[in-house]
Amino acid sequence: MITLLLLTRPLHPARLLFRLLLPLTLSSLLLLPGCGGKEEKGKKPVPVSTATAEKRTMPVELKAVGSVEAYASVAIKTRLGGQILEQFVRDGQDVRQGDPLFRIDPRPYEAAVREARAKLERDQALLKKAADDLRRYSGLIEKNVISREQYEQTEANAKSLAATIRLNQAELESRELDLSYTLISSPIDGRVGHILVTQGNVIKANDDRDLAVINQIRPIYVTFAVPEQHVTAILQRMHEGTLPVEAYSSSDGSFLESGALASLDNAVDKTTGTIKLKAVFSNEKILLWPGQFVRVTLSLSSREGVVVVPSRAVQAGNKGQYVYVVTAQNAAELRPVKVGTIMDGLTIIDSGLEGGETVVTEGQIRLVPGAPVQAAKGAAAPAGAEGAKP
């Protein structure tokens with residue numbers, strides 16, 4: 001009785017709609033896998049950026065950070081005590097060798113010179129009298145008019161006065177030298193820094209204070225350090241000729257001046273494994289300043305006909321370094337390479353790549369060997385477009 005009631009009871013409209021739609025939904029789900037399989041058969045190309053490997057002549061350069069040093073630096077001190085009577089220079093003034101800088105009050109030293117000269121003149125007069133007496137006594141002793149002892153005493157007096165005169169002459173020279181020290185002159189060409197002791201001050205002999213410091217900045221030195229493995233190559237090139245060095249701004253990388261390697265330190269620093277080098281620059285435009293930090297490029301030699309690619313194209317894997325090469329069929333080919341020197345955004349490829357081949361520079365992470373690629377518009381630029389120097 002109950003079963004009959006369930007069968008004859010009319011269905012709710014929602015349930016009736018569910019029963020009608022269920023078969024259609026199941027049929028649609030069964031058809032979906034077939035449609036998806038057709039889409040997977042055609043792989044979409046991976047968009048990448050590319051560049052062309054080039055053959056060119058590349059310089060072999062060493063890059064470092066260097067500090068600018070004065071070609072010569074002199075701290076001006078006084079040898080004498082006294083008041084600074086005159087000051088001939090001001091802060092930041094350019095001076096030439098021999099230009100006057102300061103004058104110490106010369107009057108005490110002028111008086112000492114006059115005193116020494118007077119002593120010399122007095123003893124010279126006494127010596128003249130002793131010499132005359134000796135000549136007169138030499139004639140008298142032959143006639144036995146005077147005793148031998150008297151003659152010898154006169155001779156000793158003359159010799160003693162001659163020695164005293166030599167002593168007086170040395171003292172006079174010393175006093176004249178002291179007087180010359182009252183005028184302090186520049187020992188080098190250069191630029192004066194801040195005046196540290198000005199006119200009117202009293203200083204003592206060999207005072208600890210510097211009156212001023214003069215730095216020679218034309219020419220000027222730049223000191224920098226390179227790894228010790230380059231020492232042999234640098235020495236060989238120094239024997240062959242001059243090694244060019246270029247200085248660039250440490251802030252924006254702009255070129256400052258070209259110079260030449262001047263010297264190599266006499267030992268490698270064991271703590272850092274580097275050796276110090278010193279380059280000299282004419283600095284005519286005064287773009288280099290003592291204490292300044294600059295970027296330095298030392299040119300050792302050049303390599304002709306080497307293959308170069310942008311450094312971004314070189315990737316590192318478990319088996320070494322590699323690049324992705326775009327084949328004629330626009331497919332990605334993984335190519336192991338041997339890398340040489342890296343400079344200015346370019347990497348020298350010693351082996352594994354030929355000039356003219358196209359390499360991927362961006363998008364390698366989405367690539368697998370054999371994957372189709374599509375170069376971005378305008379991406380196939382030459383390697384030189386990376387901003388490297390030719």
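Visitor: Where does T78 lie?
Guide: This is a predicted model. In it, T78 lies in the loop between β2 and β3, the latter spanning residues 82–87.

Visitor: Is T78 buried or exposed there?
Guide: T78 is buried, because its relative accessible area is 3%, and buried means under 20%.

Visitor: Which residues is T78 in contact with?
Guide: Leaving aside neighbours within four places in sequence, T78 is in contact with I104, I184, I203, K204, A205, N206 and D207.

Visitor: And what lies 2.7 Å from a polar atom of the T78 side chain?
Guide: That is the backbone oxygen of L80.

Visitor: Moving on to D189. Where does D189 lie?
Guide: D189 lies in the loop between β6 (183–185) and β7 (190–192).

Visitor: Why does D189 count as partly exposed?
Guide: D189 is partly exposed because its relative accessible area is 26%, which falls between the 20% limit for buried and the 50% limit for exposed.

Visitor: What does D189 touch?
Guide: Not counting residues up to four places away in sequence, D189 touches V95, R96, Q97 and Q216. For Q97 there is also a polar detail: the D189 side chain reaches the backbone nitrogen of Q97 at 2.6 Å.

Visitor: How far apart are D189 and I214?
Guide: From C-alpha to C-alpha they are 8.2 Å apart in space, and 25 residues apart in sequence.

Visitor: Let us turn to β9. How many bridges join β2 to β9?
Guide: Nine bridges join β2 to β9, and the two strands run antiparallel. One of the pairs is E69 with Y221, the latter in β9.

Visitor: What about β9 and β12, how many bridges there?
Guide: Eight bridges join β9 to β12, again in strands that run antiparallel. There, T223 stands opposite K278 in β12.

Visitor: And over how many bridges do β7 and β9 pair?
Guide: β7 and β9 pair over two bridges, in the antiparallel sense. R191 stands opposite N215 in β9.

Visitor: How many residues does the largest nonpolar core have?
Guide: The largest nonpolar core has 25 residues, and F224, I234 and L288 have the most contacts inside it. At least two residues each come from β2 (54–76), β9 (212–227), α5 (231–240), β10 (244–249), β11 (255–264), β12 (274–281) and β13 (293–310).

Visitor: Which of these gives the most to this core?
Guide: β9 gives the most, with five residues.

Visitor: You named L288. Which residues does L288 touch?
Guide: Not counting residues up to four places away in sequence, L288 touches V68, I220, V222, A247, L256, E257, F281, N283 and V294. Apart from this core lies another one of 16 residues, with F102, I104, V197 and I214 among them.

Visitor: Now α4. How many residues does that helix have?
Guide: Helix α4 has 33 residues, 148–180. From its first C-alpha to its last, α4 reaches 48 Å, close to the 48 Å expected at 1.5 Å a residue.

Visitor: Which residues of α4 are buried?
Guide: The buried residues of α4 are Y151, T154, A158, L161, I165, N168 and L172.

Visitor: One more residue: where is S351 found?
Guide: S351 is found in strand β18, residues 346–351. S351 counts as partly exposed because its relative accessibility is 35%. Residues touched by S351, not counting those up to four places away in sequence, are V337 and K338.

Visitor: Finally, how many helices and strands does the protein chain have?
Guide: The secondary structure comes to five helices and 21 strands. Of the 390 residues of the protein chain, 32% count as buried.

Technical notes. Residues numbered from 1 in each chain as written. Predicted model: local features only at pLDDT ≥ 70, side-chain atom pairs only at ≥ 80, totals over all residues. Heavy atoms only, no water. Core = buried A, V, L, I, M, F, W, Y, C linked by side-chain atoms within 4.5 Å. Buried < 20%, exposed > 50% of the residue type's maximum accessible area, 1.4 Å probe, protein only. Helix = DSSP H or I, 4+ residues; strand = E, 2+ residues; numbered from the N terminus. Contact = heavy atoms within 4.5 Å. Expected span 1.5 Å × (residues − 1). Polar contact = N/O pair within 3.5 Å; in protein donor to acceptor, adjacent residues only side chain to side chain. Pairing = 2+ DSSP bridges.
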